[in-house]
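The tour goes from stop to stop, with a note on what to select at each.

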Amino acid sequence: MQRLEHRACFGGWQDVYQHESTATGTPMRFGIYLPPQAAHGPCPVLYWLSGLTCTEQNFITKAGVQRYAAEHGLIVVAPDTSPRGEGVADADRYDLGQGAGFYVDATQAPWAPHYRMQTYVAQELPALVESAFPANDRRAISGHSMGGHGALVTALRHPGRYRSVSAFAPISSPTQVPWGQEALGAYLGDDQEAWKAYDACELIARAAERLPFRVDQGLDDEFIDRSLRPDRLKAACEKAGHPLDLRLRAGYDHSYYFVASFIGEHVAYHASALKA
């Protein structure tokens, strides 16, 4: 690994690293906040998955998570949202290709060689973090928008791997909305049954674990009805008896102002589960 950034922050360190990924076959970057407690022994880890167009930078510079991570003694890891670079497939749109990996393992050309973000975030990245940093194997996962979808799906696909999961304005049912349909069709092909493996509302019905969901959604979010559909998530959880704490926030939109307003509550939620 190569350390690209190293900045003191709330008694700990906000770093950015780059490494060669075996999952994607490309260099990948991730931000990692090491709280002051990490100097004295292994700490639990909160993984954050960002949304469309983001890199590792958006969350670490806009959310203000470091203050709360230092308070609770959590390492916070925020990877990039897709593979990048020459030879990596891309599209002339913001919601497909580089910056829009959707946290799936692509099976279709030209995406399949590099777009293996589910394997990267669920397996390769945690293994790397737990071997190279003072991190234990207590994990939580969260995310925003496309990353909220990624967090819910990753937790559902890997029962027992995470102690807690939360999301901000997740794309709750990507098989039923344009953002998801276009991305899943491109990455996974025309078989819509294959899409269901990356749809939280579909996975809930057969979940092997009832890990509670904590979800915040702004009611002034311009994407709520067309692309996010928290109502579908609520209905799916009610039907399956899956625990859901859905908090609808009046006045808040889809931006990082919304994330920054409630990230402290989410960190405290995860810290409680990780330290139980």
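What follows is a list of stops, taken in order.

This is a predicted model, in which local features need pLDDT of at least 70 and side-chain atom pairs count only at pLDDT 80 or more, while totals for chains, interfaces and linings use all residues. Residues are numbered from 1 along each chain as its sequence is written, and side-chain values use heavy atoms, with hydrogens and water left out.

**Stop 1: Ser 142**

Select Ser 142, which is found in strand β6, residues 135-143. Helices (H or I, at least four residues) and strands (E, at least two) are DSSP runs, numbered from the N terminus. Ser 142 counts as buried because its relative accessibility is 1%. Buried means under 20% relative accessible area, exposed over 50%, and partly exposed in between (1.4 Å probe, protein chains only). Now show what touches Ser 142, leaving aside neighbours within four places in sequence: the contacts include Trp 48, Phe 168, His 266 and His 270. Contact means heavy atoms within 4.5 Å.

**Stop 2: helix α10**

Among the buried residues of α10 are Phe 258, Phe 262, His 266 and His 270. An α-helix has 3.6 residues a turn, so residues three or four places apart point the same way. At the start of α10, find Ser 255: one of its side-chain oxygens comes within 3.2 Å of the backbone nitrogen of Tyr 257.

**Stop 3: aromatic rings**

Which residues form one aromatic cluster? Select Trp 48, Phe 59, Phe 168, Tyr 252, Phe 258 and Phe 262. Rings of Phe, Tyr and Trp (its six-membered ring) pair if their centres lie within 6.5 Å; planes under 30 degrees apart count as stacked, over 60 as edge-to-face and the rest as tilted. The whole structure has 13 aromatic pairs. One of them, Tyr 252 with Phe 258, is tilted, with 6.1 Å between centres and 45 degrees between the planes. Tyr 252 counts as partly exposed because its relative accessibility is 30%, whereas Phe 258, at 0%, counts as buried.

Move to Trp 111 and Tyr 115, an edge-to-face pair at 5.3 Å centre to centre and 85 degrees between the planes. Both residues, Trp 111 and Tyr 115, are buried.

**Stop 4: backbone**

Most residues other than glycine have a negative phi, and most peptide bonds are trans. Select Ala 109 and Pro 110, joined by a cis peptide bond with omega about 0 degrees. Pro 110 is in the loop between β5 (75-79) and α3 (117-132). Tyr 103 also lies in the loop between β5 and α3, and its phi is positive, near 60 degrees. Is Tyr 103 buried or exposed? Tyr 103 counts as buried, at 0% relative accessibility.

Then select Phe 10, in the loop between β1 (2-9) and β2 (12-20). The phi of Phe 10 is positive too, near 50 degrees, but Phe 10 counts as exposed, at 51% relative accessibility.

Key: A polar contact is a pair of N or O atoms within 3.5 Å; within protein, one must be able to donate a hydrogen and the other to accept it, and residues adjacent in sequence count only if both atoms are side-chain atoms.
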